[in-house]
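Reader: I would like to learn how to read salt bridges in a protein model. Could you take me through some cases?

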Amino acid sequence: MNKPEPVGEPQPTPSRRAPSPDLTRNFWAWVIYQFLHRVGWQFKMEATLMAGLISYLAPSPVVMGLFTALNSVGRNLAPILAAPLVDRFRRKRDILLLLWLVTCGVWAALTVYLWLPQASNKSVTIWVFGACYTLFFIFLGATGVAQGALLGKIIPADMRGRSMAMGMTLSGVINVGAIFWVYHLVQGGAFPEPRNYALSFTLTTTCFLLAGGAVLFIREPLSDAPTRRFGLTGSLRYFAKLARENPNLARLMAVNVAIGIVGTMMQFYTGYWRKSGTLNPGALVMATVFQVFWQSLTSTFLGRVADRRGNKFVFCPLLWIEALIPLAAWILGGWDPFRQHWQWFLGVYTLVGIRFPMYQLLVNYLLEIVPQRDHAMALGAVNAVQLITAPAPLVLGLLAARFGYPLVFCLSSAIGVAGALMAMQLQEVRELEK
């Protein structure tokens, strides 16, 4: 009988693996999937377009915090239930396609509603939006587990950063042109709020469905059928077991909690600027363009660096940038002379774009420190612990309404600094393999 592989041991480097005959096919199918996913995502940007829609329907920071909390609950609760389901599928591609189609269906339903005349009734639309928004992130959270498990099977560790870079490079140029095209249509007056969002979300849904088609071309070997049985309690116990046996995974979970709280602040930036009176539709579009440009540029470069030098080498500096973004939003949005000119707004979203590769590199790091058989469960564990961040946006929204935005921006930056310090304690997998 083979000796079980220790949970905390990093995976073998790709150079010690036999190459898959389907590697080239799978690599490009994954790149196209990521490319179409990212193109679609640009038309529902959480930091700009989504925040713009929410602040249009209900400008209060408490409401903004409530929707961000619903986002967090859905995205982090679903993986707890999805992880054992994904684990049981011997072909991860099949479960990814199933969950992705359901996710697309929810967003398509919201898009159709926003095209209807009834969408102009803000008091009703806010509830329709809330229901679809919550369901979308529930299924998106489940999809993330299947996506990570499939990535861990079909793309070797030293090519995952390159696959991200290729997808972002291809999507970046198209996104900038497409966003300006949509902006031109909106400026013509044919698509007033909320129909401008309906137009953008139509493009999102179309690209999402095409992305699912790219997954159909992936070929993967069958995974071993798991012998363990899971209910909710059993899954939570296994999550805890993985964390106990793998110190790097336990630290990574803590880092994700910190950046989860900081990430919720993105919904507040647009509301903060709208309240100050400096934000307008033109600024919103330019902010999206800057974010897309910088995230494409940094992903193109940093993905390849991570493949060569290791994921930790890249994501640690990005975590420090993440920690500084709330402070930048406060200064550029509330201090003279910055608040007199909306162009300073672009500096915040430049930083948001620069730090974008951090999220995928954290996933790539997890796939290296955990054996492949436990990828789905480890992804579920990381998401499960982030449930404790769910009340954070609601609490921050209440604090912003009571004491003002500067307080919550400072608090979130402090939490981001704590996360960056914790990340520095992680071991670099490439050094362990030497």
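Reader: Are Arg355 and Glu322 buried or exposed?

Author: Keep in mind that this is a predicted model. Both Arg355 and Glu322 are buried.

Reader: What do the side chains of Arg355 and Glu322 form where they meet?

Author: The general idea comes first. Side chains of opposite charge can pair when their charged atoms come close. Here, the side chains of Arg355 and Glu322 form a salt bridge, with 2.5 Å from N to O. This pair links distant parts of the chain, 33 residues apart. Arg355 sits in the loop between α13 (345-354) and α14 (358-369), while Glu322 belongs to helix α12 (residues 311-334).

Reader: Which helix holds both Lys241 and Glu245?

Author: Helix α8 (residues 232-245) holds both. Lys241 and Glu245 are 4 residues apart there, about one turn of the helix. Their side chains meet in a salt bridge, at 3.2 Å from N to O.

Reader: Which residue does Arg93 meet in a salt bridge?

Author: The side chain of Arg93 meets that of Asp94, at 3.4 Å from N to O. Asp94 has a relative accessible area of 31%, so Asp94 is partly exposed.

Reader: How many salt bridges does the count come to?

Author: The count comes to 6 salt bridges.

Methods: Residues are numbered from 1 along each chain as its sequence is written. This is a predicted model: local features need pLDDT of at least 70, side-chain atom pairs count only at pLDDT 80 or more; totals for chains, interfaces and linings use all residues. Side-chain values use heavy atoms; hydrogens and water are left out. A salt bridge is a side-chain nitrogen of Lys or Arg within 4 Å of a carboxyl oxygen of Asp or Glu. Buried means under 20% relative accessible area, exposed over 50%, partly exposed in between (1.4 Å probe, protein chains only). Helices (H or I, at least four residues) and strands (E, at least two) are DSSP runs, numbered from the N terminus.
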